[in-house]
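Please consider the following protein model, shown with its sequence. The paragraphs below lead through selected residues, the nonpolar core and the pockets.

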Amino acid sequence: MSHYHSAPPHLHWPHYGFMSGMDWRSVRRGKEVYEQVLAPCHSLNFLKFRHFEAFMSKDEVKEWAASVEVPDIPDETGAKRMRPAKRFDSLPAPYENEQAARFANSGALPPDLSLITNARHQGVDYIYALLTSYGRPVPGGINLSPGQFFNPYFPGGIIGMPPPLSDDMIEYEDGTPASVNQMAKDVAMFLEFCSNPWWDERKLLGYKWVGTFILFGITTSWYNRFATGYYRARRVAFRALKYAK
């Protein structure tokens with residue numbers, strides 16, 4: 001087994017900025033890439049349709065969910081039946097079980113992508129580098145079997161997933177040119193959203209807490225310096241009383 005592995009280069013993602021959040025246009029385009037390219041193999045088991053209301057309208061989510069069928073409760077005979085999905089349903093998996101997934105992918109198990117950017121070192125950098133680094137010369141010491149591909153950013157350098165992206169393989173709704181780099185960047189942002197759906201809310205909450213503590217610290221310092229300074233700096237003198245004889 002090869003131990004070949006390269007660290008992905010660091011890119012300047014907008015949501016890592018001090019006063020910036022998710023690039024929602026990129027996230028929306030990344031959803032298109034996921035649906036048309038990655039969804040046939042990779043699941044998002046920990047996400048529900050309602051989570052996508054962060055960048056989609058409720059009507060869009062309802063329409064999308066209604067176009068998908070999910071398992072319903074069995075009928076009176078115990079037979080399985082399907083129904084249109086609702087906002088509160090989880091996204092359906094592409095395969096019914098692990099055995100079916102391995103059989104369809106030559107023994108390889110496509111990972112669930114719900115938390116992929118949290119589960120991999122350098123999350124979005126890793127996803128972008130992985131998707132844009134196929135086709136490089138295979139170094140010595142790495143022997144590829146049929147159905148295997150070389151990718152310097154995959155641990156071991158040998159990956160079972162064929163190159164998923166090619167130029168102009170999809171057509172974006174907003175007309176953005178669908179180059180490999182653009183699609184990789186967009187789907188990486190989408191998967192970052194899937195791993196951290198409340199990124200912007202948590203960042204905003206953190207700023208509120210920091211602002212509150214700063215204001216509390218200034219108020220406490222002022223009170224300690226000026227409001228209580230008189231009592232702490234005053235001199236208490238005790239005079240002996242002279243009693244009449």
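Leu109 is found in the loop between helix H3 (98-104) and H4, where helices (H or I, at least four residues) and strands (E, at least two) are DSSP runs, numbered from the N terminus. The model is a predicted one, in which local features need pLDDT of at least 70 and side-chain atom pairs count only at pLDDT 80 or more, while totals for chains, interfaces and linings use all residues. Residues are numbered from 1 along each chain as its sequence is written, and side-chain values use heavy atoms, with hydrogens and water left out.

At 38% relative accessibility, Leu109 counts as partly exposed; buried means under 20% relative accessible area, exposed over 50%, and partly exposed in between (1.4 Å probe, protein chains only). Leaving aside neighbours within four places in sequence, Leu109 is in contact with Glu98, Ala101 and Arg102, contact meaning heavy atoms within 4.5 Å. The C-alpha atom of Leu109 is separated by 9.0 Å from that of Cys41, and these two residues are 68 residues apart along the chain.

Helix H4 itself (residues 116-119) contains Thr117. Is Thr117 buried or exposed? Its relative accessible area is 6%, so Thr117 is buried. The side chain of Thr117 makes a polar contact with the side chain of Glu192 (2.7 Å) and another with the side chain of Ser195 (2.9 Å). A polar contact is a pair of N or O atoms within 3.5 Å; within protein, one must be able to donate a hydrogen and the other to accept it, and residues adjacent in sequence count only if both atoms are side-chain atoms. Not counting residues up to four places away in sequence, the residues that Thr117 touches include Gly123, Val124, Ile127, Ala188 and Leu191.

Gln122 lies in the loop between H4 and helix H5 (123-131). Phi of Gln122 is near 60 degrees, a positive value in a residue other than glycine. Gln122 has 25% relative accessibility and therefore counts as partly exposed. A positive phi near 60 degrees is also given by Asp168, again a residue other than glycine. Asp168 belongs to the loop between strand E4 (158-159) and helix H6 (180-195), and Asp168 is exposed, because its relative accessible area is 62%.

Another loop residue is Asn151, which lies between strand E3 (149-150) and E4. Asn151 has a relative accessible area of 0% and is therefore buried. With residues up to four places away in sequence not counted, Asn151 touches Ala129, Leu130, Ser133, Tyr134, Gly157 and Ile159.

The discussion now turns to the interior. A nonpolar core is a set of buried Ala, Val, Leu, Ile, Met, Phe, Trp, Tyr and Cys residues joined through side-chain atoms within 4.5 Å. The largest such core has 44 residues, of which Val33, Leu44, Phe49, Phe52 and Phe190 touch the most other members. Two or more residues of this core come from each of helix H1 (24-38), helix H2 (58-66), H5 and H6. H6 gives the most to this core, with 9 residues. Val33 touches Leu38, Leu165, Ile170, Tyr172, Met183 and Val187, not counting residues up to four places away in sequence.

Rolling a probe the size of a water molecule over the atoms shows where empty space is left. On a 1 Å grid over the protein atoms alone, a pocket is an open set of points where a 1.4 Å probe fits, with protein on both sides within 12 Å along at least five of seven lines; lining residues have an atom within 4 Å of a point. Grid points are joined across faces, edges and corners, and a volume is the space filled by probe spheres set on the points.

About 800 Å³ of space lies in the largest pocket. Of the 30 residues that line this pocket, the closest to its centre are His42, Pro111, Ile159, Gly160 and Met161. H5 provides the largest share of the lining of the largest pocket, 4 residues. That lining divides into 23 nonpolar, 6 polar and 1 charged residues; Ala, Val, Leu, Ile, Met, Phe, Trp, Tyr, Cys and Pro count as nonpolar, Asp, Glu, Lys and Arg as charged, and the others, Gly among them, as polar.

The second largest pocket holds about 250 Å³ of space. Strand E1 (69-71) and strand E2 (82-84) are the elements that give two or more residues to its lining. The largest share, 3 residues, comes from E1. The lining of the second largest pocket divides into 6 nonpolar, 1 polar and 5 charged residues.
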